[in-house]
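The following note sets out points for a colleague who is examining the coordinates alongside the sequence.

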Amino acid sequence: MAKSPEGSAQEFSALIDPLLTKSYALAYHLTSSREAAEDLVQEAALLAFRNFSSFQRGTNFKAWLFRILVNASHSQHRKNLREPKVTPLEDAEDLYLYNHSLEAGLDRGSSNPAELVLGSMDVEHIIQAIESLPDDYRLVCALYFLEETAYQEIADILEIPVGTVRSRLHRGRKLLQKSLWNIAVDNNIIAALKDESEAVK
Amino acid sequence: MLLTFYSCRDAIKRLDDFLDRELTETELFRVERHLKLCHSCSKKFKFEQEIVQGIRKKLAQVTLPADLQNKIAFLLETDGENKDII
């Protein structure tokens, strides 16, 4: 490996290697395509390597790397001149999935309705739901659902105030639940679960 | 102050912060006390917690493509030789 101007290549590898899977998952949320996610992770890794000398030792490398990845996704987005996704998701109510699961009768029997619905969905459905969120909400939700991440760390990565993270996350979660429900309906998952639930009755 | 009792509405308003451990100690105390007494809210909180955990569990299934780590290692090794690679 070539030597980073002021940093050690070994040190860089030791820091980035354990984060590659999460980086790829984040890139997948941001690009919604496995191929584009691979490109984005490679671009972010190279950018991070070239700028490793500006990383302050002892600070949060993951936040630094993810910030580079998010910024690279913005420039890739511009480079591809891709039309921004317009998802006319109006505000969703609180407890969207809970209320709709109950209305659909999915709380009958011993099964847990949350597990029933999510258990019947593929990872691609979840990614599709995150992708359907307006950009600001998508970024915050992608970071939040990637792993248990404190609001402050999300704020550091996106360089926005914690209060903004909190409000975007609160609304984003509601929108995500609505989107998940709609995807489950469109894919006949809810209809199938309702049939099963009726049969158990 | 600690004797103030949260209504269901007060508790639900704090649901996300509760799940994310972002409540103050006083708020946490009040929410927990409410949940002990309110079966309906307790069910809702449990459901929401399972949704968050369920989504994270699903997303954990995204695995690194087999050769991506090698591609990155190669890219970094050859950086300098091929500045225009990206």
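1. Leaving aside residues up to four places away in sequence, B:His34 touches B:Tyr6, B:Ala11 and B:Cys41. The residue belongs to helix α3 of chain B. B:His34 counts as buried because 20 C-beta neighbours lie inside 10 Å, and 20 or more is what the buried class requires. A further relation concerns B:Phe5: B:His34 and B:Phe5 are separated by 29 residues in sequence, yet their C-alpha atoms are 7.4 Å apart.

2. The model is predicted, and its confidence should be kept in view. The scores are ipTM 0.83 and pTM 0.84. For chain B the average pLDDT is 87, with 88% of the residues scoring at least 70. Within that chain, helix α3 (residues 25-37) has the highest confidence, at 95, whereas α5(B) has the lowest, at a mean of 89.

3. Chain B contains five helices and zero strands, and its order along the sequence reads α-α-α-α-α. Of the 86 residues in this chain, 21% are buried. Considering contacts in chain B between residues at least 6 apart in sequence, 55% join residues at least 24 apart.

4. What does chain B contribute to its contact with chain A? In total, 29 residues of chain B are in contact with 36 residues of chain A. On the chain B side, the elements that give two or more residues are α4 (39-59) and α5 (68-78). The largest share, nine residues, comes from α4(B). By class, the chain B side comprises 14 nonpolar, five polar and 10 charged residues.

5. The largest has 68 residues, among which A:Leu69 and A:Cys141 touch the most other members. Helix α8(A) supplies the largest share of this core, nine residues. A second, separate core has six residues, including B:Ala11, B:Phe18, B:Val31 and B:Cys41. Two of the residues named there, B:Ala11 and B:Cys41, are also touched by B:His34. As general background, nonpolar side chains tend to be buried together in soluble globular proteins.

6. A:Leu69 may be inspected individually. Residues up to four places away in sequence not being counted, A:Leu69 touches A:Ser23, A:Leu26, A:Ala27, A:Leu40 and A:Ala44.

7. In chain A, helix α8 (residues 135-146) packs against α10(A) at an angle of about 90 degrees, and their axes are 9 Å apart. The two helices are therefore roughly perpendicular. From α8(A), the contact draws on A:Asp136, A:Tyr137, A:Val140, A:Cys141 and A:Tyr144. The α10(A) side consists of A:Val165, A:Arg168, A:Leu169, A:Arg171, A:Gly172, A:Arg173, A:Leu175 and A:Leu176. These residues divide into eight nonpolar, one polar and four charged. A:Cys141 takes part in this contact and is also one of the residues that touch the most other members of the largest nonpolar core.

8. Helix α10 (residues 162-186) of chain A also packs with helix α9 (residues 151-158) of chain A, at an angle of about 105 degrees and with axes 8 Å apart. This angle makes α9(A) roughly perpendicular to α10(A), since angles from 65 to 115 degrees fall in that class. A:Tyr151, A:Gln152, A:Ile154 and A:Ala155 of α9(A) meet A:Val162, A:Val165 and A:Arg166 of α10(A). The contact has five nonpolar, one polar and one charged residues. A:Val165 is listed here and also in the contact of α8(A) with α10(A).

9. Most residues other than glycine have a negative phi. A:Leu95, which is not a glycine, has a positive phi of about 55 degrees; this residue lies in the loop between α4 (61-79) and α5 (96-103) of chain A. A:Glu159, likewise not a glycine, has a positive phi of about 55 degrees and is found in the loop between α9 and α10 of chain A.

10. A:Glu159 counts as exposed, with 10 C-beta neighbours inside 10 Å.

Notes
Residues numbered from 1 in each chain as written. Chains lettered and ligands numbered in written order. Predicted model: local features only at pLDDT ≥ 70, side-chain atom pairs only at ≥ 80, totals over all residues. Contact = placed C-beta atoms within 7 Å. Helix = DSSP H or I, 4+ residues; strand = E, 2+ residues; numbered from the N terminus. Nonpolar A, V, L, I, M, F, W, Y, C, P; charged D, E, K, R; others polar. pLDDT = per-residue confidence, 0-100. Buried ≥ 20, exposed ≤ 12 C-beta atoms within 10 Å, placed from the backbone. Axes fitted to C-alpha atoms, helices over the stretch in contact; angles between N-to-C directions. Parallel < 35°, antiparallel > 145°, perpendicular 65-115°, else oblique. Core = buried A, V, L, I, M, F, W, Y, C linked by C-beta atoms within 7 Å.
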